[in-house]
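I wanted to go through this one chain by chain and jot down what turned up. Here is what I loaded before starting.

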Amino acid sequence: MTTLVNGEIDKTATGRPQSRGQGDWAAVAGQESRDLWLSGRGPLLLFAFSVLLSVFTYLAATNRAINFLEQREAVDQTLQIAVAVGVLVTLLVSADAISGERERGTLEGLLLTPVSRRAIVLGKLIAALTLWFATFVVSIPYIWVLGRGVSIVRSALLLGLGVGTLLAVGLAALGLLISALSGSNKVSLAISFFLLLAVFAPSQLPGGLPKGWFGDVLGKINPVGSGLHYSTAVLVNGHGWTRDLEYLISPLVLAVLAGGGLLILSERIVRLNPGGER
Amino acid sequence: MAETSLEARRLTKTFGTRTAVDGVTFTAEPREIVGLLGPNGAGKTTTIRLLTTVLTPTSGEFSVAGVPSSRPNEIRRRVGVLPESAGYPAHQTGREHLTYFARLFGMSRSESSRVATRLLEQMGLQDRASSPLSTYSRGMRQRLGIARAMVNDPDVVFLDEPTLGLDPAGQRQVLRNVRDIAADRGATVILSTHTLTEVEEVCNRVLILGEGRVLVSGTVAEITSAVAAPRFATLRVPGSEVGAARQVLAGLQGLTIAASGERPDVLRISRSGRDGMNPVLRALLAADVTVLSFEVEGTRLHDAYLALTGDATVEEPSE
Amino acid sequence: MRTRLGLAFGAIAALAVIAAAPAAAQTTNGIQVTVDQPRITAVIGDRITIRAHVTNSGSTASDPLIAHLNVASLTGTYVDLEDWTAAPTQHVNPLDAHATTALSWDIQAVNAGRFDVYVVMLPNGPTSSGIGPAVASSPVEVTVAGKRTLNAGGSLPVVIAVPLLLGGAALGARLRLRRR
């Protein structure tokens, strides 16, 4: 109970916590990650991804006609699948991170704590990135199996980690921005899906991108296409690591702009009502 | 501790052309329970959100526990809030949820765990501490919400509709918790509610809001007196003197008489104004009317509230 | 008849001299290009360095030159030069009289079989560009052995174990939630 000292409440005598501090991004990241992984969503996604890779790897392994070059291409394909899936799930999780909490009614409780808005978004960003890193880790044994005979395992893993992380950071930050500004969770997820289509579709065009300067510019602007182009150039075409560095510019720009923008604007956009108070 | 726990001066919030809170001014002291009453859309929740820094005022200022509104982070460290439509993560357990929030207030893991255990026991949730929140009943969630509001041992606690959707037993439990928060912890409680009996039961002071403005504030007695809400009395006279009684009553200003159905000798009287029912009894006695019984009903907060806001949706206290 | 026989004998002798000295220089307009190794044996995927020396045996400085590496299959295998090396062409600065410069190419043996790898020098001066003549080195005979590095048996442990592990983890998470 309370102790009265000189007419004032002396809380130190009660044994109640005296902490008037504030939590930081690590507390948010820790809990968000636990919610993501222990709720079963994360492990289920990884399981589905591993089945996909297993089928792909087994088909490659049973193909007697596969030659050295095709084996290298198989490693590159595996890397592209890992990056595509990892980036996809990371973007979708971050697109739900703020707008979803608004709709579930849990955002207000978070805003009522002394944790800064910046720490909140940083914690959510890190939690979303755990999905990318987990996807990458799952792909390691497959890349090893496919790549050990053609001596490109180490290059493939370094490329995957570098390019994939750059893309995951950029798209996760973008997803969080969209989530904070969207009027509803449906809108946030729809915009994010459209964004994914926009970055992956050009590579699926028959004949690839249009030839000439326009196709070249389009290829370099698209951060996902550009990043994957770089990894193919090194892994399959045997280019040196520094020869095609200009293809890493757009992934880097995305990561810096989206990540920086998110951290700078967080105080203004992470609000109870989407888009701030009007 | 500061003498005044909470002070709001001309607090105003507009959303576009709509003014949700208009010049709200009030203070609250330690250990005080202040009730916020008003119809839907009166500005109660918006006022709470302004004072807890979730929303930014368009104009006006406030301070909580001596901390000015220019330091919102510091204010958040010192307040506890149960929002009106609080959501809870379905997969977290009660213990995990409280531990997490304790961590958000800067406590270490071990300290957070201790605080969570203590609060769960105080709220009678210790047996369900390890159950996911999706399995909690509404009453359990409200109690968990109050526990969460207490995690940082706040100076001021804001409870927005804490008894909404609860059965009478649940409501009583919550009101007990509210009293304990103020009495045992010395905290100020701001209680927003639709239930007038709750206000009458636990609140030291009441603010009645309407269209974003403070219509009246004070103790329950002060409000019922100030508003001059109608007062009621039940008069029983012998059947032969009903006519004489009616004649006396007709001579008094501001009086309305209704017969009470099957009993013509029982008259229900209502009177507006500040004079009360004493002059009515004096007039009857002076006219030698035999008064068999004269029961005066205390002016209820409900009547004052209704007179001020016209909000018929508020719960009428049961007789 | 004796003359024809003599000529034939002379030709055969010349050919024999040429065949006996696989690293011997080809000379045209003073530029000579020689390769260091006549023969290389490798396994598919190996990285090989081809080294060559370009000498200007003329009495004046040469024009700027282009050195281009070529790979020709001796067993009919389709060869895409881009797969072997990303940079087959090198530019050589004008060589002073009697000067020599060394060049090298890093290539990867991406096809199995027998191949001739050789260097061709082309003039690239203001007046000589596009006109030639080309000067070729002797070929380096590269024998690449095939290797089957990917097989169903080798991949099975990963293909089966990883989904099993992750499926178990997913199931465990679900059951843990249900039990709460």
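**Entry 1: chain B overall**

First reminder to myself: this is a predicted model. I started with chain B, where I get 11 helices and 14 strands. Its C-alpha atoms fill a box of roughly 80 × 45 × 35 Å along the principal axes. Of its 319 residues, 52% come out buried. I then looked at contacts with a sequence separation of 6 or more, and in chain B 68% of them link residues 24 or more positions apart. The accessible surface is about 13,400 Å², with 46% of that on carbon and sulfur atoms.

**Entry 2: chain C overall**

Next I ran the numbers for chain C. I count three helices and 10 strands there. Reading from the N terminus, I wrote the order down as α-β-β-β-β-β-α-β-β-β-β-β-α. The chain has 180 residues, and 35% of them count as buried. For contacts with a separation of 6 or more, 72% are between residues 24 or more positions apart. Chain C has an accessible surface of about 10,000 Å², and carbon and sulfur atoms hold 59% of it.

**Entry 3: nonpolar cores**

Which residues touch the most other members of the largest nonpolar core? I find B:Leu6, B:Phe158, B:Ile190, C:Ile50, C:Trp105, C:Val119 and C:Met121, in a core of 119 residues. The largest share of this core comes from helix 7 of chain A (residues 153–181), which supplies 11 residues. There is also a second, separate core of 48 residues, and B:Leu37, B:Ala86, B:Ala116 and B:Leu159 are among its members.

Setting aside neighbours within four places in sequence, I see it in contact with C:Ile31, C:Val33, C:Val54, C:Leu65, C:Ile66, C:Ala67, C:Val92, C:Pro133, C:Ala134 and C:Val135.

**Entry 4: helix 7 of chain A and its partners**

Helix 6 of chain A (residues 117–147) has its axis within 9 Å of that of helix 7 of chain A, and the two cross at roughly 155°. Angles over 145 degrees count as roughly antiparallel, so that is what I call helix 6 and helix 7 of chain A. The crossing is right-handed. On the helix 6 side the contact residues include A:Trp132, A:Phe133, A:Phe136 and A:Trp144, and on the helix 7 side they include A:Gly160, A:Gly164, A:Ala168 and A:Ala172.

How do helix 3 and helix 7 of chain A lie, roughly parallel or roughly antiparallel? Helix 3 of chain A (residues 68–97) packs against helix 7 of chain A at about 20°, with the axes 8 Å apart. The cut-off for roughly parallel is under 35 degrees, so this pair is roughly parallel. I noted a right-handed crossing for helix 3 and helix 7 of chain A. Among the residues making the contact are A:Val75, A:Leu79, A:Val83 and A:Val87 of helix 3 and A:Ala156, A:Leu159, A:Gly160 and A:Gly164 of helix 7.

**Entry 5: A:Leu235**

I looked up A:Leu235 in helix 10 of chain A (residues 223–235). Is A:Leu235 buried or exposed? Its relative accessibility is 1%, so A:Leu235 counts as buried. Beyond four places in sequence, A:Leu235 touches A:Arg72, A:Asp76, A:Leu79, A:Ile152, A:Ser155, A:Ala156 and A:Leu159. I also took a C-alpha distance: A:Leu235 and A:Leu112 are 123 residues apart along the chain and separated by 50 Å.

B:Gln142 sits in helix 5 of chain B (residues 138–149). B:Gln142 has 5% relative accessibility and so counts as buried. Leaving out the neighbours within four places, its contacts are B:Leu82, B:Glu161, B:Pro162, B:Thr163, B:Leu164 and B:Leu166.

B:Thr12 belongs to strand 1 of chain B (residues 6–15). Its relative accessible area is 14%, and the limit for buried is under 20%, so B:Thr12 is buried.

Definitions and conventions: Residues numbered from 1 in each chain as written. Chains lettered and ligands numbered in written order. Predicted model: local features only at pLDDT ≥ 70, side-chain atom pairs only at ≥ 80, totals over all residues. Heavy atoms only, no water. Helix = DSSP H or I, 4+ residues; strand = E, 2+ residues; numbered from the N terminus. Buried < 20%, exposed > 50% of the residue type's maximum accessible area, 1.4 Å probe, protein only. Contact = heavy atoms within 4.5 Å. Areas by Shrake-Rupley, 256 points an atom, 1.4 Å probe, with all protein chains shown as cover. Core = buried A, V, L, I, M, F, W, Y, C linked by side-chain atoms within 4.5 Å. Axes fitted to C-alpha atoms, helices over the stretch in contact; angles between N-to-C directions. Parallel < 35°, antiparallel > 145°, perpendicular 65-115°, else oblique. Left-handed = near helix turned anticlockwise from the far one by under 90°.
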